[in-house]
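Please open the model in your viewer and keep the sequence panel beside it. The tour below moves from the whole chain to single selections, and at each stop it says what to select and what is found there.

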Amino acid sequence: MVARTFSVAFEGVEARRIEVQCAIAPGLPSFTIVGLPDKAVTEARERVRAALASMQIALPSKKLVINLSPADLPKIGSHFDLPIAIAILAATGLIPEEKAAETLSLGELALDGSLVAVNGALPAALKAAELNCVLACPEGCGAEAAWVGATPVYGAKTLAQLLRHFTGDRPLHEAHPGEITLPDHTRDLRDVKGQEKAKRALEIAAAGGHHLFMVGTPGSGKSMLAARLPTILPPLSAQEALETSIIHSLAGLLDEGGISRARPFREPHHTASMAAIVGGGRGAQPGEISLAHNGVLFLDELPEFPRPVLETLRQPIESGEVMVARANAHMHYPARFMLVAAANPCKCGYLPDPERACAKVPLCGEEYLGRISGPLMDRFDLRLDMPPVQFQDLDLPPSGDSSATVAARVAEARTLQTERFEGTGFRVNAQIEGRQLEEIATPDAEGRELLQKAAERLGLSARGYHRVLRVARTIADLAGDMDIRRPHLAEALSYRVVAGLLN
């Protein structure tokens, strides 16, 4: 006799169905788990044995085999504890086999039989809905999994509670979704004194989802501006919140089962490894570029990042996804993010100031910013020189629009783009390409003449040419203009030159 229940194995953001089979046969007492289990799954034998013992349930004195099918797919993680226990209880007749066969479960077992929360409840619930199964999980995962809303979710504190639920002795109540966390910003764009052009560039970047590169002396406000970018970005849509939350669920970043409508803002240190940025490690986990999906990835001190790490960003910036390829795993993760980077003009940071610059000027600046390759630099839509803030400006009252005012303009521009790109798969101007770009970003005669002259003088690449058109389209959207005109292109072109580097 073979009892069956279901669980999931994670391949990127996809949850693969795993059938957990339990067979009890005559023979010497043993407990074997097969189906390419990793160390954590193999150790489930002792956790399950102790948890059942805490409930006064002894394993049968026979040969007990657990098979995790398909057997050629690696099984990683302690979340297989609960489905293994359910399969054993079904095989021993303690819970109805048909109930176990209609259940998809995940959860780690403590030695006293309590259930420990695990990562990945949200994608597991999506898979349960697809298979028309109910989901059983630890109570700490219930609020997160209940967001799917397409399948019943039962969260339990202990294995004993689940046993009573399956037997009908004391049914559990369905879990309710956690709280929706809305953006709560204490910072404001008006905190930044001066730097009006930088604020304008930040607004354009937020409105069109454009990549932004800032170069300036230490203390000119680069990091301060980047930290205020989330205050002017619109909240995540329902679809974007689900996409982002699935990735954060796999990484264990969802707070008490709540889903946030705030866009992610990730700022890894320049000592971060390639696996931390792109993804990898044990189980090929998502990296910072995927955790920033639908949000912002801020790389401060960009030239200090290792060159190989920076070069790996080039392909995800273009495609919006990354494949983490390892010897035993090939994982696809979405990675559609806004890249915001900041750098000093040179190693000492004072290249524009003759009184404070080092003796290696200007070679130090060329060498320092030369760590950023041309192909990567070409992918920044907006490049900005930030002069130092004058001391007298610091005593002035706050200037410019507040974050709320700028956010309203950004939201209007994003609404125009949502309507424009409905049914195309694009969401913001920074993503458009091909025929769609030609249709919506064709300049007028004066603008075309200006663009042709600038392309020849600046030596714009084909990618740089298209990025100028995308930025001009966003500037026109902010102005409420349907057509791209010469002033829009002139402003867009002004952001293609920074620190002596062209396109």
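**Before selecting anything**

This is a predicted model, in which local features need pLDDT of at least 70 and side-chain atom pairs count only at pLDDT 80 or more, while totals for chains, interfaces and linings use all residues. Residues are numbered from 1 along each chain as its sequence is written, and side-chain values use heavy atoms, with hydrogens and water left out.

**The whole protein**

Begin with everything shown: the C-alpha trace spans about 85 × 50 × 45 Å along its principal axes. The protein has 22 helices and 22 strands, where helices (H or I, at least four residues) and strands (E, at least two) are DSSP runs numbered from the N terminus. Of the 503 residues, 50% are buried, a word that here stands for under 20% relative accessible area, with exposed meaning over 50% and partly exposed the range in between (1.4 Å probe, protein chains only). Among contacts between residues at least 6 apart in sequence, 74% join residues at least 24 apart, a contact being heavy atoms within 4.5 Å.

Select strand β1 (residues 2–11) together with strand β2 (residues 14–25), which pair in the antiparallel sense over 10 bridges; two strands count as paired if DSSP finds at least two bridges between them. The two strands form a hairpin with 2 residues between them, and G12 in the turn has a positive phi of about 65°. E11 has E14 in β2 as its bridge partner.

Now select the open sheet of 5 strands, whose order is β13-β16-β19-β11-β20 and whose pairing is parallel. Which strands stand at the edges? They are β13 (265–266) and β20 (382–386), and because each has a single partner strand, one side of each is left without a neighbour in the sheet. Helix α8 (residues 196–208) packs on this sheet, where it touches β11 (212–216), β19 and β20, and its direction makes about 160° with that of β20.

Within the sheet, colour strand β16 (residues 296–299), which pairs with strand β19 (residues 338–343) in the parallel sense over 4 bridges. Along that pairing, F298 stands opposite V340 in β19, and L299 stands opposite A341 in β19. β16 also pairs with β13 in the parallel sense, over 2 bridges, and there R266 has L297 in β16 as its bridge partner.

Select helix α21 (residues 462–479) and helix α22 (residues 486–494), which pack at an angle of about 125° with their axes 8 Å apart; axes are lines fitted to C-alpha atoms, for helices over the stretch in contact, and angles run from 0 to 180 degrees between N-to-C directions. That angle makes α21 oblique to α22. Residues of α21 including V468, L469 and I475 meet residues of α22 including H488, L489 and L493. The residues of this contact divide into 10 nonpolar, 1 polar and 1 charged.

The axes of α20 and α22 come within 8 Å and cross at roughly 25°. That makes α20 roughly parallel to α22, a label for angles under 35 degrees, whereas over 145 counts as roughly antiparallel, 65 to 115 as roughly perpendicular and the rest as oblique. On the α20 side of this contact are E446, G447, R448, L450, L451 and A454, which meet R486, L489, A490 and L493 in α22.

Zoom in on G447, which is buried with a relative accessible area of 0%. Not counting residues up to four places away in sequence, G447 touches R486 and L489. G447 and R485 are 38 residues apart in sequence and 5.4 Å apart in space, C-alpha to C-alpha.

Finally, select S245, which lies in helix α10 (residues 238–250). Is S245 buried or exposed? S245 is buried, with a relative accessible area of 4%. Leaving aside neighbours within four places in sequence, S245 is in contact with L122, L254 and I259.

Notes:
Ala, Val, Leu, Ile, Met, Phe, Trp, Tyr, Cys and Pro count as nonpolar, Asp, Glu, Lys and Arg as charged, and the others, Gly among them, as polar.
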